[in-house]
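Please examine the structure shown here together with the briefing below.

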Amino acid sequence: MKLLFDFLPVILFFGMFKYAEARPDWAAATATDWLGFMVSGGVVGPKEAPVLLATVVVILATAAQIAWLVARRRKVDTMLWVSLALVTVLGGATIWFHSETFIKWKPSVLYWIMGAAFWISQAVFGKNLLQALMGGQLELPAAVWQRLNVAWIAFFALMGLLNIYVAYTFSTATWVNFKLFGGLGLMLAFMVAQGVYLSRHLKNEEQS
């Protein structure tokens with residue numbers, strides 16, 4: 001459920017993009033009405049309207065996530081605040097300049113920030129961030145925590161590169177599909193692989 005909650009803005013981004021892409025005239029008129037005061041030139045064309053509308057939705061959805069957590073007095077993860085800042089700044093640039101380039105960079109920057117957080121915590125502060133987050137639920141040898149930490153750093157680095165590759169090699173529509181299905185699918189596959197790896201060590205711990 002948490003994974004679905006985390007991916008909710010991406011799902012809504014995908015939904016709005018596909019809806020607007022299928023209705024270019026409506027999308028252009030709506031984007032001009034909603035965003036005309038924010039965009040350079042004041043008019044949004046049918047080509048850029050879908051991604052601009054989807055960008056507005058993802059900004060609002062991310063802000064709504066934080067508002068919901070705050071209203072329920074639940075902890076807002078640091079990365080969610082970072083995500084809101086990135087999507088607001090890069091999404092705002094996408095809207096103002098009529099260019100999807102800025103919003104396409106957002107996933108990569110977020111992936112690299114998360115990977116850097118895992119790496120810096122270990123290399124500079126000598127603290128395994130993954131163990132700090134999950135240590136209360138799992139008892140594992142220090143070497144296993146270290147391998148898991150490196151695996152997550154590598155995963156985030158590669159996901160950032162893969163996002164950039166798709167963004168610059170394929171159409172915006174293909175990138176939107178990858179952003180949801182590719183990102184979610186690869187994340188799930190990585191977590192399953194991690195679960196299989198952990199199960200081996202948990203069994204060894206129980207036997208010992």
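This is a predicted model: local features need pLDDT of at least 70, side-chain atom pairs count only at pLDDT 80 or more; totals for chains, interfaces and linings use all residues.

Residues are numbered from 1 along each chain as its sequence is written, and side-chain values use heavy atoms, with hydrogens and water left out.

**Overall fold**

- The chain has eight helices and zero strands; helices (H or I, at least four residues) and strands (E, at least two) are DSSP runs, numbered from the N terminus.
- In sequence order the pattern is α-α-α-α-α-α-α-α.
- Along the principal axes, the C-alpha atoms of the chain fill a box of roughly 65 × 40 × 30 Å.

**Helix 3 with helix 4**

- Helix 3 and helix 4 (residues 78–97) pack at about 155 degrees with axes 9 Å apart; axes are lines fitted to C-alpha atoms, for helices over the stretch in contact, and angles run from 0 to 180 degrees between N-to-C directions.
- The crossing of helix 3 and helix 4 is left-handed, a term for a near helix turned anticlockwise from the far one by less than a right angle, with clockwise giving right-handed.
- Residues of helix 3 including Leu52, Val56, Ile59 and Ile66 meet a set in helix 4 that includes Leu80, Trp81, Leu84 and Gly91; contact means heavy atoms within 4.5 Å.
- The residues of the contact of helix 3 with helix 4 divide into 12 nonpolar, eight polar and no charged, where Ala, Val, Leu, Ile, Met, Phe, Trp, Tyr, Cys and Pro count as nonpolar, Asp, Glu, Lys and Arg as charged, and the others, Gly among them, as polar.

**Helix 4 with helix 5**

- The axes of helix 4 and helix 5 come within 9 Å and cross at roughly 155 degrees, and the pair is therefore roughly antiparallel.
- Helix 4 passes helix 5 in a right-handed crossing.
- This contact between helix 4 and helix 5 comprises 15 nonpolar, three polar and one charged residue.

**Helix 5 with helix 7**

- Helix 5 (residues 101–123) and helix 7 (residues 142–169) pack at about 165 degrees, with axes 9 Å apart.
- Helix 5 and helix 7 are therefore roughly antiparallel to each other.
- Their crossing, that of helix 5 and helix 7, is left-handed, and the contact residues divide into 16 nonpolar, eight polar and one charged.

**Second largest pocket**

- The second largest pocket has a volume of about 160 Å³; on a 1 Å grid over the protein atoms alone, a pocket is an open set of points where a 1.4 Å probe fits, with protein on both sides within 12 Å along at least five of seven lines, and lining residues have an atom within 4 Å of a point.
- Grid points are joined across faces, edges and corners, and the volume is the space filled by probe spheres set on the points.
- Among the residues lining the second largest pocket are Phe17, Lys47, His98 and Thr172.
- Helix 1 (2–21), helix 3 (49–71) and helix 8 (172–207) each supply at least two residues of this lining.
- The lining of the second largest pocket has four nonpolar, two polar and four charged residues.

Note on methods. Angles under 35 degrees count as roughly parallel, over 145 as roughly antiparallel, 65 to 115 as roughly perpendicular and the rest as oblique.
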